[in-house]
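Subject: Structure handover

Hello,

Here is the structure I promised to pass on. Please open it before reading my notes.

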Amino acid sequence: MIDKNIIQTTVEEWLEKGDYYLVDIEMTADDRIVIEIDHADGVWIEDCADLSRFLQEKLGEELGDYELEVGSAGIGQPFKVVQQYRNHIGKEVEVLQQDGQKVLGILKSVGDDDTFVVTTKEKQHVEGKKRPVLVEVDKTFAINGIKSCKYVLNFK
């Protein structure tokens, strides 16, 4: 049985040659190793194949009977690492809070303290107006304090 840390170290060795970053490594009960990588400009199938070959060359027999699967982080899937948040600054995201409420807005910034800011629109009472008006509001979230955050695909 191969150790997950050995796989991670080997993947990180391959990642050093480009702007790719590791999103996740999952070792399943049915002897599959699933590796997710990402890049600011997207991931090409050739790069996944290259990483797969690199792992086969470096680890060879250590992989044993494991089925190796290398792919990119899904575009509509929740973010798993801080770099994914940074790559989506300026884009629309959906934040699912711990209480189940969803916040839709533009990802404004990501802090070094694992927080991020989303600019959203809310109806608020403004002095001099009879009815509430939509105003932009910045909301700060802790990455570990939410259920998920993901990029919103918009086909407009």
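This is a predicted model: local features need pLDDT of at least 70, side-chain atom pairs count only at pLDDT 80 or more; totals for chains, interfaces and linings use all residues.

Cores first. The largest nonpolar core has 20 residues. Ile7, Val11, Ile33, Ile35, Leu51 and Leu55 touch the most other members. At least two residues each come from helix H1 (4-15), strand S1 (21-27), strand S2 (32-38), helix H2 (45-59) and strand S3 (67-72). H2 gives the most, with five residues. Take Leu51 as a way in. Leaving aside residues up to four places away in sequence, Leu51 touches Val11, Trp14, Ile35, Ile37 and Val70. There is also a second, separate core of 13 residues. Val93, Val118, Phe141 and Ile143 are among its members.

Next, the pocket. The largest one has a volume of about 270 Å³. Its lining comprises 17 residues, and Asp38, His39, Ala73, Ile75 and His88 lie nearest the centre. By type, the lining splits into seven nonpolar, eight polar and two charged residues.

Last, the rings. I count four aromatic pairs. In one of them, Tyr85 and Phe116 have ring centres 5.0 Å apart and planes at 45°, so this pair is tilted. Tyr85 sits in helix H3 (residues 82-87) and Phe116 in strand S6 (residues 115-124), so to speak distant parts of the chain, 31 residues apart. Tyr85 is buried at 3% relative accessibility. Phe116 is buried too, at 0% relative accessible area. Ring pairs also link Phe79, Tyr85, Phe116 and Phe141 into a cluster.

Best wishes

Notes:
Residues are numbered from 1 along each chain as its sequence is written. Side-chain values use heavy atoms; hydrogens and water are left out. A nonpolar core is a set of buried Ala, Val, Leu, Ile, Met, Phe, Trp, Tyr and Cys residues joined through side-chain atoms within 4.5 Å. Buried means under 20% relative accessible area, exposed over 50%, partly exposed in between (1.4 Å probe, protein chains only). Helices (H or I, at least four residues) and strands (E, at least two) are DSSP runs, numbered from the N terminus. Contact means heavy atoms within 4.5 Å. On a 1 Å grid over the protein atoms alone, a cavity is a set of points where a 1.4 Å probe fits but cannot get out, and a pocket is an open set with protein on both sides within 12 Å along at least five of seven lines; lining residues have an atom within 4 Å of a point. Grid points are joined across faces, edges and corners, and a volume is the space filled by probe spheres set on the points. Ala, Val, Leu, Ile, Met, Phe, Trp, Tyr, Cys and Pro count as nonpolar, Asp, Glu, Lys and Arg as charged, and the others, Gly among them, as polar. Rings of Phe, Tyr and Trp (its six-membered ring) pair if their centres lie within 6.5 Å; planes under 30 degrees apart count as stacked, over 60 as edge-to-face and the rest as tilted.
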